[in-house]
Amino acid sequence: MQDYSNFRGNRNNSTTRSPQKDKQPVDLTVRDKNGTVMNFKTSWITDGADQEMVDYTDEAGKRMKNGNLTASQIRNIYGEIKRIQIGGYEKNKASFLLLQPKLAYIVGRTEAKSRGNSEGIRVYQDIFIKAAKLVNDEKSYQNFCNLMEALVAYHKYYGGKD
């Protein structure tokens, strides 16, 4: 049997990067134009959008853009969100659940390339995870889609680059 212990891709190699579990979640509190503190609300997923959600996504989209998030980093995830929406949440539940590891991969790549300048993708990921945990049926998935669409729209509005 051949010994692969010195193989470059061996996970036991000391140069292999381990997941950064010590990373603290990004603070998802945002301030509106008047300085009022806004927090993520679970009701946006359970009950639907309101003006507070619009204001929150406006400020979060700006923060994502200022945190160097590019449209290409979220295009793949957002495209899959829309594909699931068209096909139906119940039929595509597994695909939806697999979006979290897909997003984690994108975050990992971004952090490796940007050397710590990745607040934008972390904001998107943290909002995604908080919202995704609340999805359990078609209605909550539609509300999730509305939230994600608003984030992407405001990110682009504030000049999110490709």
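Me: Among contacts in the protein chain between residues at least 6 apart in sequence, what share joins residues at least 24 apart?
Reply: That share is 72%, with contact meaning heavy atoms within 4.5 Å. Keep in mind that this is a predicted model, where local features need pLDDT of at least 70, side-chain atom pairs count only at pLDDT 80 or more, and totals for chains, interfaces and linings use all residues. Residues are numbered from 1 along each chain as its sequence is written, and side-chain values use heavy atoms, with hydrogens and water left out.

Me: Thanks! How many helices and strands are there?
Reply: The protein chain has seven helices and two strands, in the sequence order β-β-α-α-α-α-α-α-α. These are DSSP runs numbered from the N terminus: helices are H or I with at least four residues, strands are E with at least two.

Me: Which residues touch the most other members of the largest nonpolar core?
Reply: I81, Y124 and F144 do, in a core of 36 residues. Such a core is a set of buried Ala, Val, Leu, Ile, Met, Phe, Trp, Tyr and Cys residues joined through side-chain atoms within 4.5 Å. Buried is under 20% relative accessible area, exposed over 50%, and partly exposed in between, using a 1.4 Å probe and protein chains only.

Me: And which helix gives the most to this core?
Reply: That's α7, with eight residues.

Me: What does I81 contact, leaving aside neighbours within four places in sequence?
Reply: I81 is in contact with L99, Y124, F128, Y141, F144, C145 and M148.

Me: Back to α7, then. What span should its 20 residues have?
Reply: At 1.5 Å a residue, α7 should span 28 Å, and its end C-alpha atoms are 28 Å apart, so the two agree. The expected span is 1.5 Å times one less than the number of residues.

Me: Which of its residues are buried, and what covers them?
Reply: The buried residues of α7 include Y141, F144, C145 and M148. Their cover includes α1, α2, α3, α4 (93-97) and α6.

Me: New topic: is Q73 buried or exposed?
Reply: Q73, in helix α3, counts as buried because its relative accessibility is 16%.

Me: What does its side chain make a polar contact with?
Reply: The side chain of T110, at 3.0 Å. A polar contact is a pair of N or O atoms within 3.5 Å; within protein, one must be able to donate a hydrogen and the other to accept it, and residues adjacent in sequence count only if both atoms are side-chain atoms. Not counting residues up to four places away in sequence, Q73 touches N68, I106, T110 and I121.
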